[in-house]
Amino acid sequence: MNAADLLTRYQTVKERIVRAAREADRDPGSVQLVVVSKTQSVEAIKVLLDAGHRVFGENRVQEAQSKWPELKAAFPDVELHLIGPLQTNKVRDAMALFDAIETVDRAKLARAIGAAKATAGRTIRYFVEVNTGEEPQKAGVLPGHTDEFLAFCRSECGLEIAGLMCIPPANHQASPHFALLAGIAARNHIRLLSMGMTADYPLAIQLGATHVRVGTAIFGTRETLV
Ligand SMILES: *Cc1c(COP(=O)(O)O)cnc(C)c1O
C-alpha cells in the first residue's frame, strides 16, 4: 500500500473512533487507538509516525526488537504495547522495550514481571488478559478467576494492574464478551479496557473500551497469519 492510501485508511479509523465515542456520549479523547503493526515494515510504520501517531501494538517480542529500537530512538514519545503471549524467559527483553504489557495471563508470568520490575527502571502499564470465551486453546485468565488473580498480582507480585484485555472468540458476537470484561473491570476498580479490533472496534467503544487494537483496517490484510 502506498503512503497516501495508508494515511487515508488511518484517518478513516480515527474518524470512526470519534464518531463511535460521540454516539456513546463519551469523550473521544478517552479512547486510544493502538495501531497493530505486527508483520508491517518499518517504512510503513514510519508513515504513521510522521503523521503524528505514537501508540502501537506488536504481538511478538523478537519481531518488536528487530523493528522498534531504531524507531523509538527517532520518536522517543512512542508508546509500544505488547499484545501477544509473553514467555517468562522474555520478560526482561519485553520490559526493556514495551511501555505496556497487555497479556499478563498467569501467576508465573506475574511473578516474573514483579521480580524484574525494580530493575526495569521505567514505568510500564500492565493489563490482565481475560479469556472471556473460556476457550481452551486461548491464553487469558478465566472470568471466574480474574478477581482473585488481580488480588494476587497486587499483593503477591507488587503489580498494579491498570487494565483488562480480551480477544473474543472468532465468529461469535463480541458484545457479551466486551460487557463481561467491562463488568469485571468495574467491580475491581480497573480503569482501562483494551478491547475491539478491526471487526468490532466501534462496538467496543460503545461498551467502554479505552484502547482499541486495530491492524487490518489500517494496513490491509496481513500477508502472514499471526
Ligand atoms: C493482530 C491483533 C489485533 C489486530 O487485529 P485486526 O483484526 O487486524 O485489527 C488486535 N489484537 C491482537 C491481540 C492481535 O493479535
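Start with Lys38: an N or O atom in its side chain sits 2.7 Å from an oxygen atom of the ligand. Keep in mind that this is a predicted model. Gly215 uses its backbone instead, with an N or O atom there lying 2.8 Å from a ligand oxygen. Arg222 goes back to the side chain, placing a polar atom 2.8 Å from an oxygen atom of the ligand.

How much of the ligand's accessible area does the protein cover? On its own the ligand has 390 Å² of accessible area, and the protein covers 89% of that.

## The shell around it

Lys38, Gly215 and Arg222 belong to the set of residues around the ligand. Val36, Ile83, Ile167, Met197 and Thr198 are there too, along with Arg213, Val214 and Thr216. By class, that shell comes out as five nonpolar residues, three polar ones and three charged ones.

## Helices α2 and α3

Now for a helix pair. Helix α2 runs over residues 42-50 and helix α3 over residues 61-74. Their axes come within 11 Å and cross at roughly 35 degrees, and the crossing is right-handed.

Which residues make the contact? From α2 you get Val42, Ile45, Lys46 and Leu49, while α3 puts in Lys67, Trp68, Glu70 and Leu71. Sort the residues of this contact by class and there are five nonpolar, three charged and no polar ones.

Definitions and conventions: Residues are numbered from 1 along each chain as its sequence is written. This is a predicted model: local features need pLDDT of at least 70, side-chain atom pairs count only at pLDDT 80 or more; totals for chains, interfaces and linings use all residues. Side-chain values use heavy atoms; hydrogens and water are left out. A residue is near a molecule or strand if one of its heavy atoms lies within 4 Å of it. A polar contact is a pair of N or O atoms within 3.5 Å; within protein, one must be able to donate a hydrogen and the other to accept it, and residues adjacent in sequence count only if both atoms are side-chain atoms. Accessible areas come from the Shrake-Rupley method with a 1.4 Å probe; for residues, only the protein chains shown count as cover. Ala, Val, Leu, Ile, Met, Phe, Trp, Tyr, Cys and Pro count as nonpolar, Asp, Glu, Lys and Arg as charged, and the others, Gly among them, as polar. Axes are lines fitted to C-alpha atoms, for helices over the stretch in contact, and angles run from 0 to 180 degrees between N-to-C directions. Helices (H or I, at least four residues) and strands (E, at least two) are DSSP runs, numbered from the N terminus. A crossing is left-handed if the near helix is turned anticlockwise from the far one by less than a right angle, and right-handed if clockwise. Contact means heavy atoms within 4.5 Å.
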